[in-house]
Amino acid sequence: MKPWLLETAEKYDGKAKFVAVDVDKSEDVASEYSIEAMPTFVLVKDGKEVGRIKGGNKDKILSMIDEAL
């Protein structure tokens with residue numbers, strides 16, 4: 001997923017920020033966002049979670065982002 005994520009981040013440059021978190025190294029972040037599965041994509045807008053997708057369904061991820069913009 002990482003290459004796709006990097007490519008997608010470029011597509012949304014200036015419209016959205018993408019952050020990859022290593023949950024083994026950042027357990028506090030994983031806990032804060034209740035990450036239970038990998039991968040999990042959490043969409044945060046104005047400091048609040050507005051979407052979440054467990055798994056790597058690229059179409060669902062893109063749809064979630066587009067709906068939030």
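Predicted model: local features only at pLDDT ≥ 70, side-chain atom pairs only at ≥ 80, totals over all residues.
Figure 1. The side chain of arginine 52 meets that of glutamate 49 in a salt bridge, with 3.0 Å from N to O. Glutamate 49 has 41% relative accessibility, so it also counts as partly exposed. The structure holds two salt bridges, and the next view shows the pair formed by lysine 54 and glutamate 36.

**Figure 2. The salt bridge between lysine 54 and glutamate 36.** In this pair the closest N and O atoms are 3.5 Å apart. The bridge links distant parts of the chain, since its two residues are 18 residues apart. Lysine 54 belongs to strand 2, while glutamate 36 sits in the loop between helix 2 and strand 1. Lysine 54 counts as partly exposed, at 49% relative accessibility. Glutamate 36, in contrast, is exposed, because its relative accessible area is 67% and exposed means over 50%.

**Figure 3. The loop between helix 2 and strand 1.** Serine 34 lies in this loop, and its phi is near 50°. That is a positive value in a residue other than glycine. Serine 34 has 42% relative accessibility and therefore counts as partly exposed. Proline 39 is found in this loop too. The peptide bond leading from methionine 38 to proline 39 is cis, and its omega is near -5°. Glutamate 36, the partner of lysine 54 in a salt bridge, is another residue of this loop.

**Figure 4. Aspartate 46, between two strands.** Aspartate 46 is placed in the loop that runs between strand 1 and strand 2 (48-54). Its phi is near 55°, which is positive although the residue is not glycine. At 75% relative accessibility, aspartate 46 counts as exposed.

Figure 5. Ile61, Leu62, Met64, Ile65 and Ala68 are buried in helix 3. Seen down the helix axis, these buried residues fall within an arc of 160°, so they line one face of helix 3. An α-helix has 3.6 residues a turn, so residues three or four places apart point the same way. On the other side of helix 3, Asp59, Lys60 and Glu67 are exposed. Which elements cover the buried residues of helix 3? Among them are helix 1, strand 1 and strand 2.

**Figure 6. The largest pocket and its lining.** The largest pocket holds about 910 Å³ of space. Helix 1 (2-11), helix 2 (27-32), strand 1 (40-45) and helix 3 (58-68) are the elements that each give two or more residues to its lining. Which of them gives the most? Strand 1 does, with six residues. In total, 30 residues line the largest pocket. Those nearest the centre of the pocket are Val19, Ala20, Thr40, Phe41 and Val42. Sorted by class, the lining has 24 nonpolar residues, five charged residues and one polar residue.

Conventions. Residues numbered from 1 in each chain as written. Heavy atoms only, no water. 1 Å grid on protein atoms, 1.4 Å probe; cavity = no way out; pocket = protein on both sides within 12 Å on 5 of 7 lines; lining within 4 Å. Points joined across faces, edges and corners; volume = space filled by probe spheres on them. Helix = DSSP H or I, 4+ residues; strand = E, 2+ residues; numbered from the N terminus. Nonpolar A, V, L, I, M, F, W, Y, C, P; charged D, E, K, R; others polar. Buried < 20%, exposed > 50% of the residue type's maximum accessible area, 1.4 Å probe, protein only. Salt bridge = Lys/Arg side-chain N within 4 Å of Asp/Glu carboxyl O. Arc of directions from axis to C-beta. Contact = heavy atoms within 4.5 Å.
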